[in-house]
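I opened this model to look up its fold, its overall shape and a handful of residues. My notes follow in the order I took them.

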Amino acid sequence: MPGERVVRQETRSVRGFLAAQVLWLGLAVLIPIAGALFDPALFALGVIIGLGIVGLLAVRGVQAAFTRYLVTDMRVLRV
């Protein structure tokens with residue numbers, strides 16, 4: 001908009017992102033361990049599920065890293 005000026009420009013904090021994903025990171029570690037404790041054949045399945053969770057978190061992390069927030073004197077934008 002004409003006359004609008006950017007007051008602040010930020011991206012999401014890596015530490016904040018990881019803090020919000022603690023449950024998922026814990027599951028990615030605990031699922032293979034639980035599979036190995038109950039049945040060694042389930043360990044491979046647990047590793048595959050854990051890698052899937054880590055892959056999902058990687059995609060979400062990239063999305064969060066490339067999202068910018070702009071605060072102008074008139075509005076707040078997520079770019």
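**Entry 1: a glycine in a helix**

I started with Gly52. Gly52 is partly exposed, with a relative accessible area of 44%. I placed Gly52 in helix 3, which covers residues 40-65. I noted that the model is a predicted one.

Next I took a distance from Gly52 to Val29. The two are 23 residues apart along the chain, and their C-alpha atoms are separated by 12 Å.

**Entry 2: the whole chain**

I then stepped back to the fold. I counted three helices and three strands in the protein chain. Along the sequence the order is β-α-α-α-β-β. The radius of gyration of the protein chain is 19 Å, well over the 12 Å that the globule rule gives for 79 residues, so the chain is more spread out than a compact globule.

Along the principal axes, the box is roughly 65 × 15 × 15 Å.

How much of the chain is buried? I found that buried residues make up 18% of the 79 residues. The accessible surface of the protein chain is about 6,000 Å². Carbon and sulfur atoms account for 70% of that surface.

I looked at contacts by sequence separation. Taking contacts between residues at least 6 apart in sequence, I found that 66% join residues at least 24 apart.

The protein chain has 8 positive and 4 negative side chains. The centres of the two sets lie 3 Å apart.

**Entry 3: Glu4 and Thr72**

Glu4 sits in the segment before strand 1 (6-11). Thr72 belongs to strand 2, residues 68-72. The pair is 68 residues apart along the chain, yet the C-alpha atoms of Glu4 and Thr72 are separated by 6.6 Å.

What joins their side chains? I found a polar contact of 2.6 Å between the side chains of Thr72 and Glu4. The side chain of Glu4 also makes a polar contact with the side chain of Arg75, at 2.9 Å.

I listed the neighbours of each, leaving out residues up to four places away in sequence. Glu4 touches Thr72, Asp73, Met74 and Arg75. Thr72 touches Glu4, Arg5, Val6 and Val7.

Is Thr72 buried or exposed? The relative accessible area of Thr72 is 10%, under the 20% cut-off, so I logged Thr72 as buried.

**Entry 4: Gln21, between two helices**

I went to the loop between helix 1 (14-20) and helix 2 (22-38), and found Gln21 there. Gln21 has a relative accessible area of 9%. That value is under 20%, so Gln21 counts as buried.

Which residues is Gln21 in contact with, beyond its neighbours within four places in sequence? I found Leu57 and Arg60.

I looked up Leu30 in helix 2. Leu30 is exposed, with a relative accessible area of 53%.

Ala44 is in helix 3. Its relative accessible area is 46%, and I logged Ala44 as partly exposed. From Ala44 I went to Pro32, twelve residues away in sequence. Their C-alpha atoms are 7.4 Å apart.

**Entry 5: recap**

Leu30 is exposed. Glu4 has side-chain polar contacts with Thr72 and with Arg75.

How values were computed: Residues numbered from 1 in each chain as written. Predicted model: local features only at pLDDT ≥ 70, side-chain atom pairs only at ≥ 80, totals over all residues. Heavy atoms only, no water. Helix = DSSP H or I, 4+ residues; strand = E, 2+ residues; numbered from the N terminus. Rg over C-alpha atoms; globule rule 2.2 N^0.38 Å. Buried < 20%, exposed > 50% of the residue type's maximum accessible area, 1.4 Å probe, protein only. Contact = heavy atoms within 4.5 Å. Areas by Shrake-Rupley, 256 points an atom, 1.4 Å probe, with all protein chains shown as cover. Lys, Arg positive; Asp, Glu negative; His and termini not counted. Charge placed at Lys NZ, Arg CZ, Asp CG, Glu CD. Polar contact = N/O pair within 3.5 Å; in protein donor to acceptor, adjacent residues only side chain to side chain.
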